[in-house]
Amino acid sequence: MNRIPRAADKKSFDVKEKSYCVKGDIETSIEEDDTNEIVVLQNEREIATHVISVDDDPSLSPWTFRVAFIGLGLSAFGGSLAQIYYFKPQTVGVSSLFLAIISYVIGIAMETCIPRNGVFRYLNPGPFNKKENAFIVIMSSAAANSALATEVLAVQRLYYNITPSAGSSIFLLFSSQLLGYGIGGLLRGILLYPSKMLYPSVLPLLSMFDAFYRDGIEARRRLKVFYFVFTAIFIWEIVPEWMFPLLTGLSIFCLAAPNNATVSRVFGGSNGNEGLGLLSICFDWQYISGGFNPVAIPLKAQLSGFIGYLICMIVFVAVFYNNIWKSQNFPFLAQLLFYENGTIYNQTLIMNSNFEVDSALVAEQGLPFYAGSYVINLLSTNLALAATFSHLLLWNKDDLREAWAWMNMDTLRSWRANFDWKIWTHSGKREVPANTEDLDPHYREMLKYPDAPNSWYLLTFVLSFIVGLVVIYETNSTLPWWGFSIAIFLAVMCILFCGALYAITGFGISIQPLVQMIAGYLHNGRPMANMFFVLYSFARNTVAQAMLLLRDLKIAQYAKLPPRAAFTAQIIGTLLGAVLNYVLMNSIIDSQREILLSVQGTNIWSGQQPQSYNSQAIAWGGLAHELFSSGQRYQWVPFSYLIGLVAPLPFWIIHRYWPRLRTDYYYIPIICANIGWLCVGINSSVLSYFTVAFLCQWWLRTRYPRWFMKYNYLVGAALDGGTQVMVFILSFAVQGAAGESHLFLKWWGANQGGNYDRCLSL
């Protein structure tokens, strides 16, 4: 894995006349100016100042009626769509680019249609501006996440027949969502303000903002390209999503051998948990861009991901066909627990009335088994998390030392002496250093605005902590107060490391297996306690919410949105999204319960995520000693942390003594994480994903840099936007999100009775 560059690093490059002849790092960003002179962007600071405008207009206000109207509407839309995607066979996020585009179109429409005279001037104060758009995006993207608390509630309803009260459920959602915001806000000085914390995933969004809010012929040309691509993909998506689902995964091997089980496992992939999708071609952008938009992630990260993908297929096939962990007794890809004979494990038969595992009942039923591919997923996740820690300690120890520089008695005494509990009186004014050359240029421009002080984030953390303590007892979670406190402490430690990796590469590493292992040994025999422990420390909640907060604050910093406006947008969006998550979760479980409980699900609905969460809670929370301790069946799952810690070390040593071998080019945590990538969902899109990624991030970027800078991110945004609008419509119109589903007529291209790619259903 390559060293995370520091702002002061300097490299030299030899450049010939044409952009594709640039020597050196193939990943280097390049830009041509108006004189056709090639500019090589050497570090994060230069990328952030060349790709994104540093200029600011303090006269632009984000506090308008349009912001409230569009922001609340898109927050409701995004929160609903995110919860629908949670129950899809392929987990898909709601793109911030998509939300930005929709808000821009509606904002321009309101600017055009609402009069500016008389009382209407308060509704339409002037041209729709970039800060309004950024405010709306931050609010709606905060809402557009499926809260992990809904996963806990879904598991309780599906597997324990427990339905907590609406009040307890809502406060559970609020506390678990806002804890990470409080912690992340307190770490802004380390994970947000420095130039090295680039957050590459937001660069397309800000580049698009610059295009939208600049005048002239070039801006109109870009908008025409966007509208054309948006409309084309919007119309197209109805074909693979409903009329011709074979296009989700077109495999000549499946068509040639439709009754071969091995072909189905290796080459199939159009349906959830079908197979690895090797050499399948996907024409559905929903799945191609499901996890990460391939046009935006840097080439180095894509290359490491591709290496991990290749290793994943080899390892999965080797484990299954060598019958390791008795893998052939179980489905090739599955997230459930099984008896040794391959039938689904009945977890209720090993728990007493307090939902605790009874060792006598376990002896009667026998220990459960995982599918072999899922064990590899657990191993690879642990490898990646441990490698993240060791990588940062090897390559960026100075940055980590700076993160804890405040931990001295003088600083703590100063904080105590200057602390004012009247947080509403804080002016938020910040002192501007005499020498601002070392400051990030975007952050320097933000110093003119009142800050959202640390006390606001501290109060958010304290209130969420108190509400969380009350909720874990009100919901009979079986998690004690001290276990809850340990969960929060683990989250704080992981936010620093995982947050730094995410800020620089755009990739996040899950800490779920780590916290589940710790919870399993702390609260042995209590699956319910394990779920709540994970809820308050796992990466999709406390850790991920902190990273999402920091990502959105980076959007605000790049767009020059005042910090207090950003804070307001995040809190409102998060609370509204949590309520909608809860409502949609109940609706989908009521209408699709049997499908959500099945192993494979359908092409439309899948319970793979609550299944996985429940299986992990039973295995770790109830049977950690019996399954994962030394000498037991899955002992290598916890041992993989030791391997992950040393995995980056050989690459670091080789680069230190033989730098020309370029071992710094590989992201070891990403390689490790992708070794278990294909354990779940629709896998027919992976080849298409990497094809698009290399086409954009290498071929277009190096051969046609001017086109790449103007249109690459804009086209990616249009593809995401058009796709997600159509998927939202189809989910309610024909795919059963509101009740009964209406599948397309069965024909050769719509094999409604089996796998859509016509591979054998196993």
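1. Let me start with K326, which is partly exposed at a relative accessible area of 35%; here buried means under 20% relative accessible area, exposed over 50% and partly exposed in between, with a 1.4 Å probe and protein chains only. E340 is partly exposed too, at 39% relative accessibility. The side chains of K326 and E340 form a salt bridge with an N to O distance of 2.3 Å, the term standing for a side-chain nitrogen of Lys or Arg within 4 Å of a carboxyl oxygen of Asp or Glu. Both residues lie in the loop between α14 (299-321) and α15 (359-365), so this pair ties together parts 14 residues apart in sequence. Element names follow DSSP runs numbered from the N terminus, with helices being H or I of at least four residues and strands E of at least two.

2. A word on the ground rules before going further. This is a predicted model, in which local features need pLDDT of at least 70 and side-chain atom pairs count only at pLDDT 80 or more, while totals for chains, interfaces and linings use all residues. Residues are numbered from 1 along each chain as its sequence is written, and side-chain values use heavy atoms, with hydrogens and water left out.

3. How many salt bridges does the rule give? The count is nine. One of them joins D56 to K448, with the closest N and O atoms 3.1 Å apart. D56 sits in the loop between α1 (44-50) and α2 (65-86), and K448 in the loop between α19 (441-446) and α20 (454-474), so the pair ties together parts 392 residues apart in sequence. D56 is partly exposed at 21% relative accessibility, and K448 is partly exposed at 42%. Do look at the neighbours as well: D56, K131, E445 and K448 are linked in a network of salt bridges.

4. Next, please find D590 and R157, whose salt bridge has its closest N and O atoms 2.6 Å apart. The pair links distant parts of the chain, with D590 in helix α25 (residues 563-597) and R157 in helix α5 (residues 148-159), 433 residues apart.

5. Two packed helices are described by the angle between their axes and the distance between the axes. For α5 and α25 the angle is about 40° and the axes are 10 Å apart; axes are lines fitted to C-alpha atoms, for helices over the stretch in contact, and angles run from 0 to 180 degrees between N-to-C directions. α5 and α25 are therefore oblique to each other, given that angles under 35 degrees count as roughly parallel, over 145 as roughly antiparallel, 65 to 115 as roughly perpendicular and the rest as oblique. Their crossing is right-handed, meaning that the near helix is turned clockwise from the far one by less than a right angle, with anticlockwise for left-handed.

6. Helices α22 (residues 512-522) and α23 (residues 527-535) make another pair to inspect, with axes that come within 9 Å and cross at roughly 140°. That makes α22 oblique to α23, and α22 passes α23 in a right-handed crossing.

7. The elements giving two or more residues are α27 (636-646) and α28 (648-657), and α27 provides the largest share, six residues. L649, in helix α28, is partly exposed with a relative accessible area of 33%.

8. Finally, some backbone angles to check. Most residues other than glycine have a negative phi. R662 has a positive phi of about 55° although it is not a glycine; R662 is in the loop between α28 and α29 (668-674). R758 has a positive phi near 70° and lies in the segment after α31 (705-733).
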